[in-house]
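Biologist: Before we discuss anything, could you show me the model, so that I can follow each answer on it?

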Amino acid sequence: MNEMEKLFNSIANTIKTYRQGELAPPSPAHVERWANQFTSADRLSFLREFDHVIRQTFLTQETVKAFLDNLLSNTKLVGANPSAYWARANFLKIQKAGQSQKEMMKLFAEGLAQKYGLKLANCGTKDGDYIYLDDVLFTGGRVATDLQAWIETKAPAKALVHVILMALHTSGHYYITTDRLRKVIAATGKKIEIKFWRMIEIENQRNRRDNSGVLWPAVIPDDAAVQAYVASETRFPLLSRNPGGALGVFSSEEGRQLLEREFLISGVKIRLLTQSPKDFIRPLGCSSFGVGFGSMIATYRNCPNNCPLSIWWGSPDISSGALHWYPLLSRKTYAAPENLFNVDDDSSA
């Protein structure tokens with residue numbers, strides 16, 4: 001087995017639980033078919049870096065359960081008597097779109113029953129904290145919308161809300177805490193404190209882009225289509241990062257730039273397949289800024305549209321038109337009633 005074949009196997013093994021029971025298990029051949037769409041001369045190096053990154057950013061159910069189970073007894077959250085704390089806690093069921101909160105609550109309820117013999121449905125008192133569970137925070141739009149409606153209509157005059165997430169991106173966290181919800185709370189006159197708990201925090205604020213943990217191009221590829229696309233964005237143009245900052249999940253600056261280049265080129269190709277692509281559908285993931293959001297976070301449940309288009313876009317069965325791209329992590333959208341993973345509603349594909 002040569003190195004390329006080993007990488008196909010490694011990536012397939014990392015994502016083996018992706019949408020388990022809904023899609024065929026990803027095979028090395030599946031990874032190979034996806035990889036063959038990228039620049040042939042750099043394919044091996046591209047796969048080396050992608051394999052390195054996806055092993056850190058693909059969240060399995062086991063990883064999520066372990067995080068939630070540890071949080072159940074985290075004294076910084078629950079104090080000296082975890083069982084009493086959770087018996088008083090009020091779990092918010094307020095998500096307006098998608099099923100991610102239900103899935104997270106299901107996992108949390110299993111751990112609560114196993115560890116303390118408590119049923120989530122029986123928890124909650126007037127003096128208890130409030131718990132908002134969700135999977136990943138990207139732009140912050142969905143979490144902000146859910147909590148705003150609750151604060152304005154149902155929240156008590158005083159409350160402490162714990163937002164528990166698998167991961168958050170710092171731009172979305174900043175938007176929620178210093179802008180939108182801060183204004184909402186002030187307008188209501190209520191005393192609402194919001195604290196965030198996360199397994200992973202990804203830096204992606206514009207003023208910290210040099211140390212960002214997302215794909216944020218330092219160099220615009222020498223590709224006519226890419227350069228034309230970048231030049232066309234005048235309202236919120238790309239601000240390139242300076243190379244040499246924190247690496248985060250990337251193995252090296254060279255490897256990072258290779259991923260940024262390949263995902264940018266392929267994302268522009270995908271956009272060109274559509275006659276009039278929506279503005280927020282950007283090469284590095286749905287966003288309103290630059291060349292896209294650039295997140296590399298995906299889970300066993302689904303792939304967010306804030307990831308590069310060429311990871312999730314397209315259909316295996318279509319040979320022409322807008323969906324003529326073979327996806328690695330075929331994405332389920334809000335349109336599917338059984339949806340098990342959603343992204344912020346202001347960036348949904």
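**Reading the model**

Biologist: What does Cys-307 count as, buried or exposed?

Modeller: The relative accessibility of Cys-307 is 1%, and a residue is called buried under 20% relative accessible area, exposed over 50% and partly exposed in between, using a 1.4 Å probe and protein chains only. This is a predicted model, in which local features need pLDDT of at least 70 and side-chain atom pairs count only at pLDDT 80 or more, while totals for chains, interfaces and linings use all residues. Residues are numbered from 1 along each chain as its sequence is written, and side-chain values use heavy atoms, leaving out hydrogens and water. With its 1%, Cys-307 therefore counts as buried.

Biologist: How many disulfides does the structure hold?

Modeller: A disulfide is taken here as a pair of cysteine sulfur atoms within 2.5 Å. Cys-303 is in no disulfide, although the sulfur of Cys-307 is the nearest cysteine sulfur to its own. These two sulfurs are 4.0 Å apart, which is too far for a bond. For the structure, the number of disulfides is 0.

Biologist: Which backbone nitrogen does the side chain of Thr-299 reach?

Modeller: Thr-299 lies in strand 7, residues 298-299, where strands (E, at least two residues) and helices (H or I, at least four) are DSSP runs numbered from the N terminus. Its relative accessibility is 0%, so Thr-299 counts as buried. At 2.9 Å, its side chain reaches the backbone nitrogen of Arg-301.

Biologist: How far apart are the end C-alpha atoms of helix 3?

Modeller: Helix 3 covers residues 43-57, which makes 15 residues. The expected span is 1.5 Å times one less than the number of residues, so helix 3 should span 21 Å. The model agrees with this, because the end C-alpha atoms of helix 3 are apart by 20 Å.

Biologist: How far apart in space are Glu-32 and Ile-192, C-alpha to C-alpha?

Modeller: Glu-32 is found in helix 2, and its 35% relative accessibility means that Glu-32 counts as partly exposed. In sequence, Glu-32 and Ile-192 are 160 residues apart. In space, their C-alpha atoms are separated by 50 Å.

How values were computed. A polar contact is a pair of N or O atoms within 3.5 Å; within protein, one must be able to donate a hydrogen and the other to accept it, and residues adjacent in sequence count only if both atoms are side-chain atoms.
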